[in-house]
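Subject: Structure handover

Hi,

Here is the structure for you to look at. My notes follow below it.

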Amino acid sequence: MTEVSSPRRTDDGPPRPGGWTRFVTARPRLSLFAALVLTVLAVLAGGGVAERLGSGGWEDPAAESTYATRALEREFPGSQPNLLLLVDAGSASVDDPAVAAEADRLADRLAAEKGVAGVGSYWQSGSPSLRAEDGHEALIAARITGEEKAAQETLERIAPALRGTHGPVEVRIGGMLAVRHEMQTIIQEDLTRAELIALPVTLVLLVMVFGSAVAALLPLGIGIVAILGTNALLRGLTEFTDVSVFALNLTTALGLGLAIDYALFIVRRFREELATGAAPVTAVGVTLRTAGRTVLFSALTVAVSLAAMMLFPQYFLRSFAYAGIAVVLLAAAAALILLPAALVLLGHRVNALDVRRLFRRGRSPEPADAEKGRAEAGAAWGRTASLVMRRAPFFALGTTAVLLLLGLPFLGVKFGTADDRQLPSSAESHVVQQHIRDGFPGSPGGGLEVLAEGRATEAEYADYKQRVAALPGVLRVEGPLVRGDAAYFTVLPEGEAVDEPAQRLVDGLRAVDAPFDTAVTGTAAVLVDSKDALAERLPWALACIAVVTLLLVFLLTGSVLIPVQAVVLNALSLTAMFGAVVWVFQDGHLSDLLGFTTTGSIETTLPVLMFCVAFGLSMDYGVFLLSRIKEEHDRTGDHDEAVRHGLQRTGGLITAAAVILAVVMVAIGTSRVTNTKMLGLGIALAVLMDAMVVRSLLVPAVMRLTGRATWWAPAPLRRLHARFGLGEGEEPAAAPGAGGTREHGAGGGEQEGESARDTVAARG
């Protein structure tokens, strides 16, 4: 693999910068100016991106339910209402002549609107499913035609004139289209609030980590560049494919989180090099060769995890792949190109504006104080690693048991679909749908539709209807409505539109023999087909993530066992997240505190999304730790000392990065939309568990148990790694046993040829 940078030593002077270092630092001012111009262009190109994003995407485009939905919309627009007007007569009855007359006027007005079809109402059809059981409310149903964006525009145009008081009635707007429109609006508002929360808090945390305000601003700047660039790319993608509005949340979270992670490691390593007396350009070269390589590897592993979502047919998941890959690669590119240019220009001024002097009561800042503080912090992590390795079986088994225990609630997971209860209870469309659930018989607007294609007689239709009505869980069958060689039936389930009996009813309907071709759609049918599509593609996605991760970690370490450990421990770190998702969001614990309405299920695509994102972030921290362990093991050949040293040098930094990323995710989790709240809070928990439990306790314990075998690889693979592998650090001095054949003591760090950087790294 091509090296990021390769400083070369001459016989008569300090190391000369390698090719990549020369490229990114030759004209630093020009590089930063070009970045500024591109960022401004990204702001212009990405403006208004949220308005072009969709709020659906949970269905499989190739599924039976999708085919039936499109056919019904074409042949029978009224069969698939996506707009419901809840007409409230107050204390009067909906059968009152004045109420009926006003409702008819509203229905006629709605039918006259361009882009509206299939208008029907209780007053026209007399259907009991459209009348509330108390007789004070009834429904007008319609379908706004066109693709998602066009339908949203039509709703925005007609809703103001329909909503509100009309004579003796009060009208509120609901239906799936209204739910999605309101969800999109709330997500945009919440995202702005999340950014206003995350940015200042992140800046404060970065100042606490670095001490220097200048150093703290660098990661934040890289994150902003990554976010703005990704918004521009998403805006371009909307010209060719559907993109979910939910992807904006991931853009903000990963843009800030990963850019800050990458910049943290690069700036930290650069400051270490400056502390050894290296010139800024030399320090940048060593930094790119070490931390820069790790950032590159980390970005690849995260991008692979996110790319796996492109294997699924739902554009909701594919959107996160588009946004995630773009923001990860942009964050890495900015960290490896723009950040080194800025560091060269800043030089020792990267340590300027030390805010810690405000707390020293007028005492001048001493460089030794900062070095001493870092050494003490590193020593604490070193002692933690030593303690864990002395009691390795206890920590390995105990930590694994706790993580598995925390994941137990996920065994009771129930999958559902996103509906109005994702919204705040005060949202208009949520209020309408709740009135329908509580006060109307059956599931108006949420029934199942059966499309029948092919010529049939009235007797054949009647016989089929009778057999459908006899299925368990059927409340009533309406229809058929016949047009040419096509017809459709409406089947109302006894319970809710997407509960388990309704999903079983879908399978039952599809199993009923008929003298014509049938296709079933409706909310429950879409859910069943979505679950089937996910189950079919999930093994391939997991295999893709596992295989590529194994390969990348092997290229980094040259070991056969470490990649397997990385995959297994990363997966184990996610158990707490999945257990908490079910315990909190499905079962409803803490719902009052967190402010959401529980549905008794988890949206089907969310666990897949959360796994891909959290696994990638977990690998991000794993690569940072393993690269430092590998560097020390190559230098000394001492396995235990390498593990201790790796945790000592990276434990505090990984924890700081995890806390900052968790802050960003919690800010996303303040959203009023339940799925976004679940995504933000769940991944925040996963990141903290990975950094503070898995990396701090489980990894050193397991590596101590595997001992020298940790670094073993068969001869063919060793030769493969020697040729194509990507190591980190300076060319190591010849250490006997490096590679795992023999172990050595810490005295290996005194070998001839050891760089000043390694001397500093051995402190603490």
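C612 is buried, at 2% relative accessibility. Buried means under 20% relative accessible area, exposed over 50%, and partly exposed in between (1.4 Å probe, protein chains only). C544 counts as partly exposed, at 31%.

This is a predicted model, so local features need pLDDT of at least 70 and side-chain atom pairs count only at pLDDT 80 or more, while totals for chains, interfaces and linings use all residues. Residues are numbered from 1 along each chain as its sequence is written, and side-chain values use heavy atoms, with hydrogens and water left out.

Disulfides. A disulfide is a pair of cysteine sulfur atoms within 2.5 Å. The count by that rule is zero.

Cores. A nonpolar core is a set of buried Ala, Val, Leu, Ile, Met, Phe, Trp, Tyr and Cys residues joined through side-chain atoms within 4.5 Å. The largest one has 157 residues. Which members touch the most others? They are F246, Y262, L264, V328, L343 and L609. Helix α11 (residues 315-346) gives this core its largest share, 18 residues. Helices (H or I, at least four residues) and strands (E, at least two) are DSSP runs, numbered from the N terminus.

Take L264. Beyond its neighbours within four places in sequence, L264 contacts L206, V209, F210, P219, L653, A657 and I660. Contact means heavy atoms within 4.5 Å. A second, separate core holds 37 residues, including L84, V87, L110 and A138.

Backbone. Most residues other than glycine have a negative phi, and most peptide bonds are trans. Two places here deserve a look. The G479 to P480 peptide bond is cis, with omega near 10 degrees. P480 sits in strand β10 (residues 474-483). L590 is not a glycine, yet has a positive phi of about 70 degrees. L590 lies in the loop between α19 (575-586) and α20 (591-594). L590 is partly exposed, with a relative accessible area of 42%.

Confidence. pLDDT is the predictor's confidence in each residue, from 0 to 100. The chain averages 83, and 88% of the residues score at least 70. Over residues 1-17, pLDDT stays under 50, and the model has 42 contacts beyond four places in sequence there. Over residues 728-764, pLDDT also stays under 50, with 86 such contacts.

Best wishes
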